[in-house]
Amino acid sequence: MVFLPDSKLSFFEKDLSKILVCEPKNKDLDVFTWALEHKKLIEDEILKYGGILLRNFGLYSLSEFNRFVQVLAPNLLEYIYRSTPRTRLGGKIYTATEYPADRTIPLHNENAYSRSWPNKIFFFSVLVASEGGETPIVDSRNIYQKIDSEIRKKFEEKGVLYVRNYRSGMDLSWQEVFQTDKKDEVEKYCENNSIKWEWNRGLSELTTLQICQATLSHPQTNEKVWFNQAHLFHVSNLEEDARRSLLEEYGEEYLPRNAFYGDGTPFEIDVLNHIREIYEQGKIIFQWQKGDIMLLDNMLMAHGREPYKGERKVAVAMA
């Protein structure tokens with residue numbers, strides 16, 4: 001297969017999933033002109049493979065990454081209705097999720113816990129960890145196909161209910177999640193996004209409930225994808241000590257975050273473990289190199305993060 005005359009291809013492949021890897025043969029390639037001239041072809045290849053890893057394109061600074069992203073996606077998104085801590089690096093470029101280095105971030109599609117999400121997500125490797133720190137990916141089309149059909153049917157019929165309780169000093173504050181300290185702006189956002197809310201309910205400063213999709217059909221390819229974060233939001237995702245401590249202090253009703261079937265009935269733990277195992281079986285892991293840029297279709301490809309040692313910095317943009 002030939003991608004471009006001035007490019008060579010290789011594949012990282014595991015199971016049925018693969019990502020396209022593109023390296024320029026011409027070291028004097030004008031990356032920005034190349035991206036502009038081949039924008040449609042790049043988008044077509046992303047729809048086919050779910051993502052592209054651009055390697056050795058000679059981009060090493062955040063300003064270069066920002067310029068490159070703007071060529072392909074000039075309308076970048078703000079990160080609002082957050083579920084993880086991030087730092088803005090300038091413009092609409094953010095750090096990848098800031099989470100303890102010794103922890104794994106499970107595979108997920110960005111913002112699949114809501115009814116609004118980015119179509120594309122860009123990753124830029126600024127500093128490579130001395131050990132670990134990979135960003136594993138997995139094809140959401142394959143996850144959909146491999147999940148037990150009865151489990152899939154139940155999820156599709158009921159959807160997923162996400163419950164979040166916000167309080168100072170626990171998880172993210174509502175001010176950080178909604179990027180405002182004005183309650184009326186929070187309420188307006190909730191109204192516009194079919195989120196139920198209640199202020200000062202029991203042990204919670206703010207409680208939100210939202211029923212979202214479990215699966216989707218991709219708007220361009222019409223392929224079915226698994227698209228939710230039930231396995232990540234559910235309390236069983238926490239390590240045993242943290243889970244026990246939170247349940248003892250707050251009870252299940254006031255946990256910072258949790259997930260249920262859309263009708264409010266609890267998930268079966270073996271069902272969530274089955275989903276986690278399917279993700280694990282299909283994931284692709286590659287070693288970051290400084291300057292790597294990975295472009296993912298956020299519906300077609302989920303991503304995560306492996307534990308690491310040393311310094312690591314990955315920048316993210318969403319479009």
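How many aromatic pairs does the count come to? In this predicted model, in which residues are numbered from 1 along each chain as its sequence is written, local features need pLDDT of at least 70, side-chain atom pairs count only at pLDDT 80 or more, and totals for chains, interfaces and linings use all residues. Side-chain values use heavy atoms, with hydrogens and water left out. Rings of Phe, Tyr and Trp (its six-membered ring) were taken to pair if their centres lie within 6.5 Å, with planes under 30 degrees apart counted as stacked, over 60 as edge-to-face and the rest as tilted. By this rule, the count comes to 17 aromatic pairs.

One of these pairs, Phe155 with Phe267, is stacked, at 5.2 Å centre to centre and 10° between the planes. Phe155 belongs to helix α5 (residues 149-158), whereas Phe267 is in the loop between β15 (257-261) and α10 (269-282), so the pair ties together parts that are 112 residues apart in sequence. Helices (H or I, at least four residues) and strands (E, at least two) are DSSP runs, numbered from the N terminus. Both Phe155 and Phe267 are buried, where buried means under 20% relative accessible area, exposed over 50% and partly exposed in between (1.4 Å probe, protein chains only).

The rings of Phe178 and Tyr189 have centres 5.7 Å apart and planes at 75°, so this pair is edge-to-face. Phe178 lies in helix α6 (residues 174-178) and Tyr189 in helix α7 (residues 183-192), so parts eleven residues apart in sequence are tied together. Phe178 is buried, with a relative accessible area of 5%, while Tyr189 is partly exposed at 22%. Both residues belong to one aromatic cluster, together with Tyr81, Tyr113, Tyr162, Tyr166 and Phe233.

Charged side chains were also found over aromatic rings, the criterion being NZ of Lys or CZ of Arg within 6 Å of the ring centre and within 35 degrees of the ring normal. Arg257 lies over the face of Phe233, 5.0 Å from the ring centre. The charged end of Arg152 sits over the ring of Tyr144, at 4.5 Å from its centre.

The largest nonpolar core contains 54 residues, of which Phe155, Phe178 and Met294 touch the most other members. A nonpolar core is a set of buried Ala, Val, Leu, Ile, Met, Phe, Trp, Tyr and Cys residues joined through side-chain atoms within 4.5 Å. The largest share of this core, five residues, comes from α10. Apart from it lies another core of 30 residues, including Tyr49, Leu54, Ala73 and Leu76. With contact defined as heavy atoms within 4.5 Å, and leaving aside neighbours within four places in sequence, the contacts of Phe155 include Trp226, Tyr261, Phe267, Val271 and Ile275.

Helix α10 has 14 residues and reaches 20 Å from its first C-alpha to its last, close to the 20 Å expected at 1.5 Å a residue; the expected span is 1.5 Å times one less than the number of residues. Within α10, Val271, Leu272, Ile275, Arg276, Ile278, Tyr279 and Gly282 are buried. These residues cover an arc of only 155° around the axis, which puts them on the same side of α10; the arc is that of the directions from the helix axis to the C-beta atoms. Ile269, also in α10, is partly exposed at 42% relative accessibility. Not counting residues up to four places away in sequence, Ile269 touches His234 and Ser236.
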